[in-house]
Amino acid sequence: MTTTATPTETDTPANTSTPTDTPTPTVTSSCALTLGGISISGQEIDIIITNNGSTLVTITGININWPDTPVSQMVKEVKFRGATIVNASDPQPPSDYPSEKDWKGTESDRALEAFDSQLLEFLFENNLQSSGYSITITFDNGCTLTESN
């Protein structure tokens, strides 16, 4: 018995691609700002704002919602970097600046340098509840940040 090999036709692709490393794109956020958590002590709320970006930004709006307890509670003053930026005397939550009260001082009092962190302070009439606060801050670069507890 004789065995004979019979050729079989198969399709072989002419183009074969060799895999190459493709760099993963770096995702950059349009908002290089962050807020630290809300810190409450006595009659004061503190929150740290950090600018991780390479350009100066300026606060253009602040909204704070707070528990109306006791009924005599009110926001008295808002400070940034130690300077008073709003003289509030606002007895009704939520408080929205500058629509309810004009800014105090200059625009530079609301500015945050690149790669810097600064304290934003809210001073109230009475001792504060331990929770129920929401703070939204808007900046001139279009970024809006919110922190709640």
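Q: Hi! How many helices and strands are in the protein chain?
A: The protein chain has zero helices and eleven strands; both are DSSP runs numbered from the N terminus, with helices (H or I) needing at least four residues and strands (E) at least two. This is a predicted model, where local features need pLDDT of at least 70, side-chain atom pairs count only at pLDDT 80 or more, and totals for chains, interfaces and linings use all residues. Residues are numbered from 1 along each chain as its sequence is written, and side-chain values use heavy atoms, leaving out hydrogens and water.

Q: Thanks! Which cysteines does the disulfide join?
A: Cysteine 31 and cysteine 143, with S to S at 1.7 Å; a disulfide here is a pair of cysteine sulfur atoms within 2.5 Å. Cysteine 31 sits in the segment before strand E1 (33–35), and cysteine 143 in the loop between strand E10 (134–139) and strand E11 (144–148), 112 residues apart.

Q: And why is the disulfide left-handed?
A: Because the torsion about the S-S bond of cysteine 31 and cysteine 143 is about -50°.

Q: New topic: where is glutamate 121 found?
A: Glutamate 121 is in strand E9 (residues 116–124).

Q: What is its nearest side chain of opposite charge?
A: For glutamate 121 that is lysine 79, 5.4 Å away. Glutamate 121 is buried but has no salt bridge, which would need a side-chain nitrogen of Lys or Arg within 4 Å of a carboxyl oxygen of Asp or Glu.

Key. Buried < 20%, exposed > 50% of the residue type's maximum accessible area, 1.4 Å probe, protein only. Lys, Arg positive; Asp, Glu negative; His and termini not counted.
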